[in-house]
Amino acid sequence: MVSVGDSAPDFTAPKTDIDGDIESFTLSENLDDAPIVLAFFPAAFTGVCTTEMCTFRDQMANFDDIGATVYGISIDTPFTLSEFAEKNDLNFDLISDTNRNLIEAYDVEMDFADLGVYSVAKRAVFVVNADGEVTYEWVSDDPGVEPDYDAVEQAASKTVEEPSEAA
């Protein structure tokens, strides 16, 4: 599993922006936007996932104030994520992991075997600094548990305050 102090696994995946446009996104090419909050969630249009993404939406001003960039990540298609963002008035971009490379790289894959649903994201949050290092990680084996949003914000804020080793 990816842990604090590890290099964040780099990836390229489709990103749906807040205007509904879909483009390619590569983590390593966007580290200037750090701290980067990667919020993995199992599936769009489900109860707890909608609540989680809407809570990030409602707290976005706090993340903006510290210069953090938030991305939601699920296995849904970019088109589904575009509709999900529009229906919920999300104010941050969503990344599509339909090929499941991200959930595998970050080791946050889970199954809902009793429902016949396999290889979805666990609810997990990683904060990545400008050097590509993971400075915060939270992973839940219970998809009904939401992250501690204040702890995520504090971790992102702390990441901003820490000088980059490259400086």
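This is a predicted model: local features need pLDDT of at least 70, side-chain atom pairs count only at pLDDT 80 or more; totals for chains, interfaces and linings use all residues.

User: Is Gly20 buried or exposed, or does it fall in between?
Analyst: Buried residues have under 20% relative accessible area and exposed ones over 50%. Because the relative accessibility of Gly20 is 28%, this residue counts as partly exposed.

User: What distance separates the C-alpha atoms of Gly20 and Arg123?
Analyst: Along the chain, Gly20 and Arg123 are 103 residues apart.

User: Which residue does UniProt list for "active site", and in which helix is it found?
Analyst: The UniProt entry, which is unreviewed, lists Cys49 under "active site". Cys49 belongs to the helix that spans residues 47-58, namely helix H1.

User: Is Cys49 buried or exposed, and which residues is it in contact with beyond its neighbours in sequence?
Analyst: Cys49 has a relative accessibility of 2%, and therefore it counts as buried. Once its neighbours within four places in sequence are left aside, Cys49 is in contact with Phe41, Pro42, Ala43, Phe84 and Arg123.

User: Which residues does a cis peptide bond join?
Analyst: The bond in question has an omega of about 5°. One of its two residues, Pro35, lies in the loop between E2 and strand E3, which covers 36-40. The residues joined by this cis peptide bond are Ala34 and Pro35.

User: What is the phi of Arg100, and what is that of Asp107?
Analyst: Arg100 lies in the loop between strand E5 (93-96) and helix H4 (101-105), whereas Asp107 is placed in the loop between H4 and strand E6 (109-112). Arg100 is partly exposed at 26%, and Asp107 is also partly exposed, at 39% relative accessibility. Neither residue is a glycine, yet phi is positive, at about 65° for Arg100 and about 55° for Asp107.

User: What radius of gyration does the protein have, and why does it agree with a compact globule?
Analyst: The C-alpha atoms fill a box of roughly 50 × 30 × 30 Å along the principal axes, and 50% of the 167 residues count as buried. A compact globule with 167 residues would have a radius of gyration near 15 Å, so the value for the protein agrees, being 15 Å.

Key. Residues are numbered from 1 along each chain as its sequence is written. Side-chain values use heavy atoms; hydrogens and water are left out. The radius of gyration is taken over C-alpha atoms; the globule rule is 2.2 Å times the number of residues to the power 0.38. Buried means under 20% relative accessible area, exposed over 50%, partly exposed in between (1.4 Å probe, protein chains only). UniProt positions are given in the numbering used here, feature names are shortened, and annotations may be inferred rather than shown by experiment. Helices (H or I, at least four residues) and strands (E, at least two) are DSSP runs, numbered from the N terminus. Contact means heavy atoms within 4.5 Å.
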